Amino acid sequence: MGATGVGKSTLVNALRDMDINDKDAAPIDVVEATMEPKYYAHPTVPNMMYWDIHKISSVNFEVKKFLKEIKFSAFDFGLIVSDLCFREEGEVLAKAMKKPGKPIFFVRSKIDQSL
């Protein structure tokens, strides 16, 4: 979970040891590629799924609607991805995951671009 363009789908692909050209890879785009939550199975652990979830707020999706639709209690934990600093949407996501008592991990992406 996180803002548009921070690398959420890239992270899902990396965790699954997939390249963007692989048939079952999560699509990656410069603009918002993930419009609906979608799960991707781990290639060798059949009961492990990674969910690629769209941005919490965008022109196409409102925050309140997002928080209603995403059933945070169904997840084992949350990964909140950010490419620079963690923003307000990260705080909103962390609070939503904390309500059902789920662990939260913050992931900093694109760190090589910041060096």
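User: Which residues line the largest cavity?

Analyst: Keep in mind that this is a predicted model. The lining of the largest cavity is made of Gly-2, Ala-3, Val-6, Ile-80, Val-81, Ser-82, Cys-85, Phe-86, Arg-87, Glu-89 and Gly-90. The elements that give two or more residues to that lining are S3 and H3, and S3 has the largest share, with three residues.

User: What volume does the largest cavity have?

Analyst: About 50 Å³. The structure holds one cavity of 30 Å³ or more.

User: And how do its lining residues divide into nonpolar, polar and charged?

Analyst: For the largest cavity, there are six nonpolar, three polar and two charged residues.

User: Which residues lie nearest its centre?

Analyst: Of the 20 residues lining the largest pocket, those nearest the centre are Met-49, Tyr-50, Trp-51, Phe-75 and Phe-77. The lining as a whole has 15 nonpolar residues, along with two polar and three charged ones.

User: You mentioned H1. Which of its residues are buried?

Analyst: H1 runs over residues 8–15, and Lys-8, Ser-9, Val-12 and Asn-13 are buried there. They sit on the same side of H1, because the arc they cover around the axis is only 140 degrees.

User: What covers them?

Analyst: The cover over the buried residues of H1 includes strand S1 (38–41), strand S2 (49–52) and strand S3 (78–82). If you follow the chain just past H1, you reach Asp-17, with a positive phi of about 55 degrees.

User: Now H3. Which residues are buried there?

Analyst: In H3, the buried ones are Glu-89, Gly-90, Leu-93, Ala-94, Ala-96 and Met-97. They fall within an arc of 160 degrees when you look down the axis, so they line one face of the helix. Helix H2 (63–69), S3 and strand S4 (104–108) are among what covers them.

User: What is exposed on the other side of H3?

Analyst: Glu-88, Lys-95 and Lys-98 are exposed on that other side.

User: How many salt bridges does a search of the whole structure find?

Analyst: One. The side chains of Glu-91 and Lys-95 form a salt bridge at 3.1 Å, N to O. Both residues belong to helix H3 (residues 88–98) and are four residues apart, about one turn of the helix.

User: Why does Glu-91 count as partly exposed but Lys-95 as exposed?

Analyst: It comes down to relative accessibility: exposed needs over 50%. Glu-91 has 45%, so it counts as partly exposed, while Lys-95 has 51% and therefore counts as exposed.

User: What about Asp-83, buried or exposed?

Analyst: Asp-83 counts as buried, with 15% relative accessibility. You'll find Asp-83 in the loop between S3 and H3. Leaving out residues up to four places away in sequence, Asp-83 touches Gly-5, Val-6, Arg-108, Ser-109, Lys-110 and Ser-114.

User: Last one: where does Lys-99 lie?

Analyst: Lys-99 is in the loop between H3 and S4, and it is exposed, with a relative accessible area of 77%. Its C-alpha atom is 8.6 Å from that of Phe-72, although Lys-99 and Phe-72 are 27 residues apart along the chain.

How values were computed. Residues numbered from 1 in each chain as written. Predicted model: local features only at pLDDT ≥ 70, side-chain atom pairs only at ≥ 80, totals over all residues. Heavy atoms only, no water. Buried < 20%, exposed > 50% of the residue type's maximum accessible area, 1.4 Å probe, protein only. Arc of directions from axis to C-beta. Contact = heavy atoms within 4.5 Å. Salt bridge = Lys/Arg side-chain N within 4 Å of Asp/Glu carboxyl O. 1 Å grid on protein atoms, 1.4 Å probe; cavity = no way out; pocket = protein on both sides within 12 Å on 5 of 7 lines; lining within 4 Å. Nonpolar A, V, L, I, M, F, W, Y, C, P; charged D, E, K, R; others polar. Points joined across faces, edges and corners; volume = space filled by probe spheres on them.
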